[in-house]
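Hi,

Here is the structure I promised to pass on. Please have it open while you read the notes below.

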Amino acid sequence: MNSTLRNFNQIVIKIGSSSLTHDSGLLDLWKMESLVKQIANLYNSGKDIILVSSGAIAAGIGKMKLPEKPKSIPEKQAAAAVGQGTLMHMYEKFFSEYGITVAQVLLTKEDMYESSRRAHCVNALQALIKHRVIPIINENDVVAIDEIKVGDNDTLSAEVCKMIHFENLIILSDINGVYNKDPRKFSDAYMITSITALSTLDEIDAGDAGSSVGTGGMQTKFNAARILASVNSTMFIVNSSHPDVLNELYEGKTIGTFFDFRKN
């Protein structure tokens, strides 16, 4: 099965908090600019692209000069409210350098699961795509209390991909891909470059990883894979710090883990 991005015209890209921030919680502008440049290159090749971006709470932590990640829901909501504007400001700045217009889309679970609201979301996203605008989606952390408890933009990105009928999801994270077991605990762990059966996921000890600024671990990524399997979409998990990661995927190089449950 061919895993090059050249074969996919409609792509959702999920960017995790760890891919956008320093350990301090402040935005890492070097990382952000590098990813935006690569996304712009994919856009220029004719792809339809939707971003699902974490980082609002992390950006808020830095902006508010908080000593650590907030633990209470009100504090997380406050950080998200402050950080979302900062995050979008930087996205607009970087994408505008390549002549690309972006739009902020904040969703809640009800927007995706209640039929009439879901239909309105799809119509709005389709209109933006038609006008070659890149939607930048995040959970509305200021009001979505349940999501803040779960903290799961991996599932959100898969649900968006499913909802809008896109072909591929790229999860940019701080991990290289899927290993047969936790490489931090087992020296003989090896990375799995391709997963083509859902049963494979049940055989892997996913653990409960999550960085100091992020909240999703491998379990949430497996959940995303299961959602996409139901609609025959594909998924990559790759390390955002890998040099030119999106360009290399476009060229068909084997990096990260590719999930393909499509029926031959």
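Leu-51 has Ile-136 of strand E4 as its bridge partner. This is a predicted model, where local features need pLDDT of at least 70, side-chain atom pairs count only at pLDDT 80 or more, and totals for chains, interfaces and linings use all residues. Residues are numbered from 1 along each chain as its sequence is written, and side-chain values use heavy atoms, with hydrogens and water left out.

E4 covers residues 134-139. Strands here are DSSP runs of E, at least two residues; helices are runs of H or I, at least four; both are numbered from the N terminus. E4 pairs in the parallel sense with E2 (residues 48-53) over two bridges. E4 also pairs with E3 (residues 102-107), again parallel, over six bridges. Pairing takes at least two DSSP bridges between two strands. Gln-104 stands opposite Ile-136.

Six of the six residues in E4 are buried, meaning under 20% relative accessible area (1.4 Å probe, protein chains only). One side carries Ile-134, Ile-136 and Asn-138; the other carries Pro-135, Ile-137 and Glu-139.

Now the core. The largest nonpolar core has 37 residues. A core is a set of buried Ala, Val, Leu, Ile, Met, Phe, Trp, Tyr and Cys residues joined through side-chain atoms within 4.5 Å. Ile-13, Leu-51, Tyr-91, Phe-95 and Ile-170 touch the most other members. H1 (29-44) is among the elements that each supply at least two residues. H1 gives the largest share, seven residues. A second, separate core of 36 residues includes Val-52 and Val-122.

Best wishes

How values were computed:
Buried means under 20% relative accessible area, exposed over 50%, partly exposed in between (1.4 Å probe, protein chains only).
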